[in-house]
Amino acid sequence: MSSYELLPGAPESPVLLHVPHSARTIPADVRAGIVLDDAALERELDHITDAHTAELAERAAALAGVAPWRFVNRLSRLVVDPERFPDEREEMTAVGMGAVYTRTTHRAELRPAGTDPEPLLARYFRPYARAMTEAVAERLAATGRAVVIDVHSYPSEPLPYELHGAGPRPPVCLGTDTFHTPPELTEAARRAFAVCGGTGLDAPFAGTYVPLAFHGLDARVTALMVEIRRDTYMTEPGGPAGPGLEPLAKALSELINAICSAP
């Protein structure tokens, strides 16, 4: 079984909803390399998983006038985190949370010191990156542009692993890239999510995902990260979704509609 799934949208849609952190599944052989007992692992998954974001993307896609494409990670980010740099460029390596995590959200040991990340990078990280690159290339070929909307969530209170956890934690945090996030995309998101309690920009989480083949090179690829504070739509840390999910899905669909209607 593939570790990811590309769910088709309308042929004419440039929008690709990227959902990298919604799953809790860990293959048995990968689980064997994690030192936490089962109860501790479940607690860690509660904290680290962007719960219900795949459902959010699915609902938004159904509501949109032109259905977006969706690229969904079906494995937990504790297997590999497809949004991290796999090398020294990744600042989260400082807290043991590069592409292959060795520490938990509370900075406890997740994998033994000296764990070689290469087998997991080869098996999961690089195939995922290639597939995401191909998905973006397909949107470019079909529509002349590609718009990656990175769908995430984050806890209402900072966790110890956060490097930039001080300061405001708005209902919706918008992460941007100086090259790939044009002002009109940010403003469209601000308008769409205004009904959800308001937005902040690049705090507590900044940046957005663009495949490295296009990053800083192709302005036809635009991108925005949408980080939704979990208490607005679910019971924290890992509980069920609540009534807040539906207005968020509607807001995300409005952003999709705005993108598709833009020249």
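T105 is buried, with a relative accessible area of 0%. Buried means under 20% relative accessible area, exposed means over 50%, and partly exposed lies in between (1.4 Å probe, protein chains only). This is a predicted model: local features need pLDDT of at least 70, side-chain atom pairs count only at pLDDT 80 or more, and totals for chains, interfaces and linings use all residues. Residues are numbered from 1 along each chain as its sequence is written, and side-chain values use heavy atoms, with hydrogens and water left out.

Stay with T105. It sits in the loop between strand 3 (69-73) and helix 4 (118-143). Helices (H or I, at least four residues) and strands (E, at least two) are DSSP runs, numbered from the N terminus. Leaving aside residues up to four places away in sequence, T105 touches E44, H47, I48, L159, P160 and Y161. Contact here means heavy atoms within 4.5 Å.

Now step back to the whole chain. It has six helices and seven strands. Along the sequence they run β-β-α-α-α-β-α-β-β-α-β-β-α. Of the 263 residues, 55% count as buried. Take the contacts between residues at least 6 apart in sequence: 79% of them join residues at least 24 apart. The C-alpha atoms fill a box of roughly 50 × 35 × 30 Å, taken along the principal axes.

Next, look at helix 6 (residues 245-261) and helix 3 (residues 53-63). Their axes come within 8 Å and cross at roughly 55°. Axes are lines fitted to C-alpha atoms, for helices over the stretch in contact, and angles run from 0 to 180 degrees between N-to-C directions. Helix 3 and helix 6 are therefore oblique to each other. Angles under 35 degrees count as roughly parallel, over 145 as roughly antiparallel, 65 to 115 as roughly perpendicular, and the rest as oblique. Residues of helix 3 in this contact include L56, A60 and L63; those of helix 6 include L248, L252 and I256. By class, the contact has nine nonpolar, one polar and four charged residues. Ala, Val, Leu, Ile, Met, Phe, Trp, Tyr, Cys and Pro count as nonpolar, Asp, Glu, Lys and Arg as charged, and the others, Gly among them, as polar.

Helix 6 also packs with helix 5 (residues 183-193), at an angle of about 145° and with axes 8 Å apart. Helix 5 brings L185, A188, A189, A192 and F193 to this contact, and helix 6 brings residues including L248, L252 and L255. The contact of helix 5 with helix 6 divides into eleven nonpolar, no polar and one charged.
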